[in-house]
Structures are given as C-alpha cells and as structure tokens.
Amino acid sequence: MNFAQVLNGIALGSLLMILSSGLAMIYGLRGVTNFAHGALYMAGAYVAYSVSTHINFWAALIAAPVVLAVLGAVLELVFFRRMQHRNHIEVGLVTFGAAMVIERVIVLIWGERTLSVDAPSGLGGTTSILGTDYPTYRLLIIGIALALAIGLVQWIRRSDVGLHIRAASHDVETSGILGINVDRVSLIVVCLGAALAGLSGALAAPYVSVYPAMGISILITVLIVVVIGGAGSIGGAMVAGMALGIIQTLGSVWIPSLSVLVPYVALVVVLLWRPTGLAGKRV
Amino acid sequence: MTKKLFPALSVLVLGGLVAACGTPGGAATSGGAGGADAAGSTIKVALIPPSSGALAQFGSDAADAWQFAADEANAAGGVAGHKIELIKMDTDATAATTLRAAREAVTQKGAKFIGAVMTSTEHGALDAQLAGLGALEFNGLGKDDALTGKDCKANAFRVVQSTSMDMNAVAEALAKLPGKKWAIQAVDYSTGHTSAKVFKEAAAKAGKQVVLEQYAPLNTTEFGSYITKLQQSDADALFAVEYGADGVAFVNQAAQFKLNEKFNTILGFNMVSEPLFKALGDKVVGYYNNLGYDVSSDNPLNQKFVTDWAAKHGGSKPYYVVADNYLAAQTLFEGIKKANSGDPIKVRDALNGLSFDSIVGKVTMRGADHQLIRSSYLGQVVKDPNGIGGLGWKIVHEADGSVTAPAPDPACKLS
C-alpha cells in the first residue's frame, strides 16, 4: 500500500463525511430517511456549476449551501413538519417523490448533458506531500472536511442550539415539554443538513462529473454510511464516511472486481458486530 | 386547511394519472396495411427516441436528423413519389416502453418503418418483434455486435458501425501511434472487455506491450485509485474505454493528477465525442479516439448535408448521432427507390446487397447480416475555433469498412 492510495481514500472519505453528516442530522432529529438527500447533493453541484461559470468557484462554495439551505427550509416547512406524525414509510416516499421533482427541475434548467467544473485556478495541479505528488484540489477537500467536522462537533457539543439538537434527537416530546422549541431546532437542522449536501455537491463538482443521476448513484453509499455510523449519529456518520472511503479505495486496489460490494459487506459486518451502528445512540 | 387541501390534491393527482395513463391510440388510426404501396401514398415512419433520462439529448438529435431527411425528401417531391410522414413516439429508453410504442405506432398509426431507437437493448427487443409487426427497423445508434450477429433479424438493418468495426479501425491505426508500453483502463462491462481483447491482439501484432490492464465498474466516478496505479506503472501510453459521465470524471481527474504528462499517447474508445467537448474542454486536446463520421469529408453529398444542416441549425455542424440517423433515413429512402414501393417486404428485398452513394461515401448493405459496410476513422482532438467548445477533430486514419467489418457471423440466420 502506498501513501497516494491512502490519500485517495481520505479524499473520498472526506466527501462522504460531509454528505452523510447532513443526512444523519436530519434522520436523528426528524426520524426521516431523506431519500431526497442525493438530489440535494446533485442540486448543489449544478448551482456550483452555474455560479463558478458566471462568477468563480469560491462564490459557488458559498452560494450552493445557501441555496440548498433555502430548499431545506421548504422541505421542512412543507413536508417534514406537516408529516411528523405520519409513519416513516409515508414520509420516506414523499422524500423520494421530492427527489424526482428536484431531478426533473434540474434537467429542465440545465439539460441532460454531462457538465464539468474546473478546479479553481491555482488548485488544478499537484502538491508534493512526503514526496508524493497529489492533486491540490483533493487536499482542499480533505482540509475543508476536517475543519467542518471539528467545527460541527464543537458546535453541537458547546452551543445552546447544539444542546437542544442533542436533546431533541434523543427525545423530541420530552424536549418540547422542557421548553425547547423543537420546530425551530428542526428547521435549523434540516437547513443545515441540506446546506451540507449542497456544500458536498459543490466540492464534488470539480472532482466528479456533474450529471442528473449523480445523486442517485451516491445516495445508496451515503445511506449505508449513516446506518454503519449509527442511524442519526452525526459523529458516527463522519467516522463511518471516512472509514468507508478508505476501505472502498483500498478495496478497488486489492480486489478490483469485488470493490463494488465493499460498502455492503462493511454494512453487514458492522451490523452483526454492533447492531446499533458504530456510535449507537450517541449524537 | 389540510382537510381542504387533501381532496383538491387528490383530484389533481388522479387527473394527472388519468392523463398519463390515457391511451393516445385514439389520436390516429389511419394507414392500414398495404396503403403505402399505392403510388403517391404517404409512407409513415415511426421514430422512438428517448425523451427523458441521460440519453434524451441524443434522442432529440436523432429525431431531428430524421426530420431533416424527411423534409429534404418531401421538398424534392417525395421518395419514389411517396411523401414521408414521421410519427414521433416517446420512450424512456427501456425495452418494454419502446416495444409498446412500436406496437402502437405500427398497429394503430400505420407506420411500416421504425427509426431513432437508441440502445442496443431496445434494438434487441424490438428486432425480435419486427416480423410479427410486419415492419422494418433502421438502426443508427445501437452498436452491439450481436445485433448483426447471433441476434440478427431479417427486418432489421444496421447503419451505424458495430463495436468490432470501430475497434478494428482503432487497432489498424495502432502501429502509427507513439508508445511501446500500454496500459488499459476500461469499464468493467462487455464493451470494455471486448475492446481490451481486440486491443491486446492488435498491440501484439504491432509489436507493442500491454503492461497494465484494469477495469472500473460502470458508473464509477472516483478514479483516484485507478489513476494512481496508472501513474505508478511503467506504461508510456494509455488505452481508455470509459464513456459518458464516467469518461468525463476520468478525464477531469486524470488532468488533476497530471496524467497527460506521463503518457505519449492517450487513446480513447467511445470516450471523447462532440457532445462532451464542452464538459471536457482543453484537457482532451491531443487525445485520440475512434470516430464514426468525418464531418469534414469532401464527399459532395456530405458537404451539401453539412452546409444545409448548419444553415438550419444556427451554424452548428452535425455530429455522429445526427449523421448516422440521417444516413439511416437515407438508407430507407434508397430501399424505397430501388423497390419503387413503400411495402416493407419489397423494401427489405431491395436493400439486400444494395450499394449507394451516401454522406459517408459509397456504402453497401451487406445481405448476409444487414450491416452497412462503411468506413471508420481514428481522430485526434485539436483546437478549432469553429467547433463545439472550441474543439474539433483531425482525422489521422481512415479504415475501409470492408476490412474492419468482421465476416458475417455464421450464427446469423436471416431467413
């Protein structure tokens, strides 16, 4: 095994970490398996494409999460809040429908063709790390993911809103009785979760190609990450995302013909070992 | 509020379902059997391109090419005195939907000929039903060898080159390309494995060595681990079979890893094409790739086609999907002219072994398997201020169709 392949795994894990933490937040608080999360990621990539074409990539990194946070607010206010007492299958189906609507709207606006976004100027080349030349843009993704992970964990642990999120994720009704404005906390969480999906889409745009099915193809992996992490655990999803990214990359090096099975094998192994996921019920 | 909204929404949803499920069969039922044979009658051609999904743009371009050909023919007084009418159907590029659309077009709308079907899977399913429907199909898009091999059908005609023809053209040109030690990066799918097999045989003949061979699953978007292995190999040239979104991701990531600087040659197979030029950008300048159609060919018929097409489409020149579907229409029209009839059986018989001048030069419809024998090319991407995304092709090799087309498969029985 060589250092470049480990970095490849960390880069993929970083992307999965950002995307899955948003999904885990929404599931933890709302109990919603948000099948639209892949579509939000795709929408983030398309917003990044347009903004980077007309302004620049750095503006896209801000615009995509903001636009997606607004979309998250719509999802929360129109669907999740109104359907909070319906069973999970019904709400899951609604998010599935929302994903189809989002995908169709994207196609109507941007078309069916595959698009690509160039890495920002100065980050298109390689940087030498411990004697290994590695794409600078991938190092940026790793840096942003790590900074975000630290920031998010600190925010949830130390801020009042974080305390409310942790409380509501454990028990919504009791939190409400104790005076926490659960609706407000939910709005924040869904907006933030959607914004994280938008950010990961924007970061992925120069990394992978931008096309309408990109959300569906990553959704399964992200759902597996969330389950492995411990459904609803943000920290667990982050650890699982990074671990799966590394394992999947090493799998494609060691056993290329079976690499597509790696996430599923990891899921089965973890659930047999720890049925509640890596983090259990911890947020 | 919710109680009021729910019934209203239910009505809307049900209304939508009824509209979506309603059979459009009542729209047109003209065109009974035999009508197309009468002099001066209208010949109906059903077009079944995908109207949604990742292939919708290709579907739209294919239908546009058929429309262009039909308009041109009708403006010239029709084909053998028959006016051409196109019946556009919708599909999502799945075999079941395409079959349903074909049955409706033939049995209820009077179509006797079918075109603009996209994938090889659709062609395979449709071709098996053509005899029962009494219709002919003209394939300008599906390249799977089996369609003119073990799965060939008497009523199906392939106008586009097969995968083997394309790959043989690339193999023929291999000796010309710089690079002695080659790496193969291919999609883990039948196209990838077939192409790699032909490439390895051609490389051995050309005295070149294959030092690395690796396959990425279809729909791979993270190529980091594959590119790292390519970088760490001692190959000096790369043969890559990655297409669509996978191909764009591979090219972008290869550029970020500066893979282009390592290899003397990057040879793509179905990886680089005009519809992807904007997405790929200057990163692919210098790449080689197989080409089915040479837009710059000085053949007068092609020059007229390119000029007329550009005049009607804001100056944009046709690319392979447009050209291959125009050629499919041209093939049908030549068959009608030779048969002097719009009857599918007579047209089918007339097409067997028919040679004619086309936009891609003199071509022949091989009677043994219904594969059109035409040239294939190897092109190199160059900067072209008038091209899509500022890119264009330089033809570096033309391979004769009579050489690239494998001998008819003995498993193909047309009778």
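Visitor: What covers the buried residues of α12(B)?
Guide: The cover includes β3 (113-115), β4 (136-139), β5 (156-158), α11 (320-339) and β12 (361-365) of chain B. Helices (H or I, at least four residues) and strands (E, at least two) are DSSP runs, numbered from the N terminus. The model is predicted: local features need pLDDT of at least 70, side-chain atom pairs count only at pLDDT 80 or more, and totals for chains, interfaces and linings use all residues. Residues are numbered from 1 along each chain as its sequence is written, while chains are lettered from A and ligands numbered from 1 in the order in which they are written.

Visitor: Which residues of α12(B) are buried?
Guide: In α12 (residues 344-351) of chain B, they are P344(B), V347(B) and L351(B). These residues are on the same side of α12(B), because they cover an arc of only 65° around the axis. The arc is that of the directions from the helix axis to the C-beta atoms.

Visitor: Why would residues three or four places apart point the same way?
Guide: An α-helix has 3.6 residues a turn, so such residues point the same way.

Visitor: And what follows α12(B)?
Guide: G353(B) does, with a positive phi near 80°.

Visitor: Changing topic, where does Y319(B) lie?
Guide: Y319(B) is in the loop between α10 (300-312) and α11 of chain B.

Visitor: Buried or exposed, that Y319(B)?
Guide: Y319(B) counts as buried because it has 21 C-beta neighbours inside 10 Å. The cut-offs are 20 or more other C-beta atoms within 10 Å for buried, 12 or fewer for exposed, and partly exposed in between, with C-beta atoms placed from the backbone.

Visitor: What is Y319(B) in contact with, leaving aside neighbours within four places in sequence?
Guide: Y319(B) is in contact with E274(B) and P275(B); contact requires C-beta atoms, placed from the backbone, within 7 Å. Y293(B) is 26 residues from Y319(B) in sequence and 7.4 Å away in space, C-alpha to C-alpha.

Visitor: How many residues of chain A are in contact with chain B?
Guide: There are 30 in chain A, in contact with 23 residues of chain B. On the chain A side, α1 (3-30) and α10 are the elements that give two or more residues. The most come from α1(A), with five residues.

Visitor: What is that side of chain A like by class?
Guide: It has 15 nonpolar, 13 polar and two charged residues. Ala, Val, Leu, Ile, Met, Phe, Trp, Tyr, Cys and Pro count as nonpolar, Asp, Glu, Lys and Arg as charged, and the others, Gly among them, as polar.

Technical notes:
Two residues are in contact if their C-beta atoms, placed from the backbone, lie within 7 Å.
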